[in-house]
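Hi,

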Amino acid sequence: MADEALFLLLHNEMVAGLYRAAEHGEGENGRCTTKLESMGFRVGQGLIERFTKDTARFKDELDIMKFICKDFWTTVFRKQIDNLRTNHQGIYVLQDNKFRLLTQMSAGKQYLEHAPKYLAFTCGLIRGGLSNLGIKSIVTAEVSSMPACKFQVMIQKI
Amino acid sequence: SSELFTLTYGALVTQLCKDYENDEDVNKQLDKMGYNIGVRLIEDFLARSNVGRCHDFRETADVIAKIAFKMYLGITPSITNWSPGGDEFSLILENNPLVDFVELPDNHSSLIYSNLLCGVLRGALEMVQMAVDVKFVQDTLKGDSVTEIRMKFIRRIEDNLPAGEE
């Protein structure tokens with residue numbers, strides 16, 4: 001889809017641009033991931049607002065997580081999360097075997113150390129989406145072999 | 001969905017405004033990032049659209065407005081204000097999807113919010129051997145009734161062949 005291509009290019013340029021600026025001393029390196037995550041957060045909040053105008057209330061936390069895995073992920077990445085696991089105590093692991101933001105990078109272990117840069121925005125996206133659904137969380141991601149990756153969501157009881 | 005792009009773009013501009021002290025620097029960054037996107041976007045565009053080589057700047061204008069803008073942003077700007085020499089024209093956007101729900105705060109009056117687009121167009125056209133100058137001359141965000149992008153053809157870029165080749 002054409003507009004997906006545009007978003008992918010924008011996302012990748014955002015990552016590249018931030019790191020470029022950090023190299024030239026316009027900010028520290030560690031802050032790049034934070035900035036990307038915050039941007040994702042804002043976007044996640046905005047997206048959820050538009051989505052859930054017409055949707056019925058969710059039954060429970062698991063229902064919300066399923067929504068994120070299906071409807072939300074499909075709208076953003078044109079596919080669903082491949083696997084959702086939970087310990088039923090507030091920790092969820094969302095597995096995407098062909099994560100759209102990584103498929104162009106490599107298959108396997110090449111460039112693995114760069115992968116986290118490309119996940120930060122999406123971690124924020126999930127966190128922002130959940131936040132607007134009344135859930136406070138911490139979201140992290142890990143990649144062991146591209147383009148598969150796992151997003152871990154830890155629900156914070158307020 | 002194009003909302004994802006619009007929202008992401010908004011988040012980017014907001015972040016850049018935090019990172020850079022003045023609007024001019026933000027404008028430059030947006031242009032640079034747009035350029036980097038444009039040089040890659042052109043490949044995607046050519047692959048999707050199957051348009052052949054444009055024979056003149058008028059054809060280029062048509063392709064940009066009727067095919068490219070439609071494909072990526074879902075709008076078809078109108079083409080107006082051709083210069084007598086045929087090397088300059090304006091794209092008029094009745095509505096700019098990038099600025100849905102956006103308001104410029106008072107302290108950012110020099111910010112060219114959608115400046116990424118100028119860079120994208122410039123970068124994309126450079127890859128098809130055209131050096132152009134692109135800039136916003138009207139902006140609904142600043143109170144104008146339409147958004148107007150002015151495009152000027154500067155020169156043809158000759159292919160740089162490696163030394164020793166024909």
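**The sheet of chain A**

Strands E3(A) and E4(A), the latter covering residues 148-155, pair in the antiparallel sense over seven bridges. Within this pairing, Ala141(A) has Phe151(A) of E4(A) standing opposite. Please keep in mind throughout that this is a predicted model.

Stepping back to the whole sheet, four strands make it up, in the order E1-E2-E4-E3 of chain A; the sheet is open and its pairing is antiparallel. Strands E1 (83-86) and E3 (137-145) of chain A each have a single partner strand, so at these two edges one side of the strand is left without a neighbour in the sheet. From one strand to the next, the twist averages 20°.

Two helices of chain A lie across these strands. Helix H3 (residues 61-77) of chain A lies across E1, E2 (91-96) and E4 of chain A, and runs at about 15° to E2(A). Helix H4 (residues 120-132) of chain A lies across E3 and E4 of chain A, at about 150° to E3(A).

**Where chain B meets chain A**

The other part I looked at is the interface. Here 27 residues of chain B are in contact with 25 residues of chain A. The size of an interface is often given as the accessible area lost when the parts come together. For chain B and chain A, the buried area is about 2,600 Å², with 71% of it on carbon and sulfur atoms. On the chain B side, the residues that lose the most area to chain A are Leu4(B), Phe5(B) and Leu7(B), which together account for 22% of what that side buries.

What about charged pairs: how many salt bridges does the rule find across the interface of chain B and chain A? There are two. In a salt bridge between Arg50(A) and Glu3(B), the side chains meet at 3.3 Å, N to O. Polar contacts between chain B and chain A come to three residue pairs, counting those with both residues at pLDDT 80 or more.

Helices H1 (2-19), H2 (23-49) and H3 (57-73) of chain B are the elements that give two or more residues to the side touching chain A. Of these, H1(B) gives the most, with 12 residues. Sorted by class, that side of chain B has 15 nonpolar, six polar and six charged residues.

Happy browsing, and do write back with any thoughts.

Best wishes

How values were computed:
Residues numbered from 1 in each chain as written. Chains lettered and ligands numbered in written order. Predicted model: local features only at pLDDT ≥ 70, side-chain atom pairs only at ≥ 80, totals over all residues. Heavy atoms only, no water. Contact = heavy atoms within 4.5 Å. Buried area = accessible area lost by both parts, 1.4 Å probe. Salt bridge = Lys/Arg side-chain N within 4 Å of Asp/Glu carboxyl O. Polar contact = N/O pair within 3.5 Å; in protein donor to acceptor, adjacent residues only side chain to side chain. Nonpolar A, V, L, I, M, F, W, Y, C, P; charged D, E, K, R; others polar. Pairing = 2+ DSSP bridges. Axes fitted to C-alpha atoms, helices over the stretch in contact; angles between N-to-C directions.
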